[in-house]
Amino acid sequence: QRTLHEFEHDMGGCCEMCMSDDGKTLVACALDGSIQGFACVDEEWKATWSSKNDAAALTVILDEERQACVVGFSDGEVYALDVNSGEELCEPFTTATGAGCRSLLVSDGHLFVGGADGSVVRRKLCVDTFAIHPSQLILETKADRLLPPHGDAVVAMCAPPCGGIVCTASRDGSIRVWDSAAREPRAPATGWLIIIPSCKDAPCTDGATLQVLRRTRRCIQVAG
């Protein structure tokens with residue numbers, strides 16, 4: 001195998017990146033708070049925009065439906081930027097717990113934020129653009145949190161394309177499956193069997209990935 005392209009950038013300590021489904025757009029974030037967008041045009045990759053924050057940027061995802069990249073920072077703030085220009089799409093917001101943001105997921109019309117304190121917060125989104133729904137502009141209540149929280153930082157989240165459930169993984173080794181469509185998802189989804197590798201001696205760590213492999217009526221298999 002050979003390297004197709006090596007990116008030139010000024011980011012300090014790149015920690016996470018995400019790519020569009022068509023393989024033409026890439027966004028990376030770094031521990032120095034910088035965010036860099038790249039685009040592939042005529043088989044050549046070029047830097048298209050950059051942004052900077054005072055806090056460390058720990059996680060980034062793409063919401064292609066709303067043409068947004070969403071970035072979570074160590075101070076708990078979450079920014080939504082236009083994936084093509086890097087312009088802010090809405091006012092930054094913080095999680096209800098105020099903890100640092102460690103993972104992000106968009107599913108079922110909601111943004112899920114995994115916190116450094118083990119919390120998982122759900123925020124309803126507008127349909128056509130990336131913005132918090134007007135009904136959620138008031139500081140979140142406990143009804144917007146998935147309870148009970150994990151025992152440590154939530155380092156990975158995923159959901160199947162059909163939605164309905166969200167899987168979360170924590171540094172404490174726990175993996176949970178939630179009913180994401182419920183009005184108040186206050187407990188892990190009932191009636192589901194979670195099959196996971198043993199996490200007792202190998203807890204999920206920073207940069208971990210989580211992917212739903214198979215879902216049947218009463219069984220879900222997860223790779224951690």
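Hi everyone, let's start with strand E13, residues 165-170, which is mostly covered: six of its six residues are buried. Buried here means under 20% relative accessible area with a 1.4 Å probe, protein chains only, and strands are DSSP runs of at least two residues, numbered from the N terminus. Before going on, a word on the source: this is a predicted model, where local features need pLDDT of at least 70, side-chain atom pairs count only at pLDDT 80 or more, and totals for chains, interfaces and linings use all residues. Residues are numbered from 1 along each chain as its sequence is written, and side-chain values use heavy atoms, with hydrogens and water left out.

Back to the strand. In a regular strand the side chains alternate between the two faces of the sheet. On one side of E13 sit Ile165, Cys167 and Ala169, on the other Val166, Thr168 and Ser170, and all are buried.

Now, the neighbours. Pairing means that DSSP finds at least two bridges between two strands. E13 pairs with E12, residues 154-158, in the antiparallel sense over four bridges, and Met157 stands opposite Thr168. Six residues lie between these strands in their hairpin, where Gly163 takes a positive phi near 75°.

E13 also pairs with E14, residues 175-179, again antiparallel, over five bridges; Ile175 is the bridge partner of Ala169. This hairpin has four residues between its strands, and Gly173 in the turn has a positive phi of about 95°.

Finally, the largest nonpolar core: 16 residues, with Val70, Val78, Leu104, Leu111, Val113 and Phe130 having the most contacts inside it. Such a core is a set of buried Ala, Val, Leu, Ile, Met, Phe, Trp, Tyr and Cys residues joined through side-chain atoms within 4.5 Å.

How values were computed: Buried means under 20% relative accessible area, exposed over 50%, partly exposed in between (1.4 Å probe, protein chains only).
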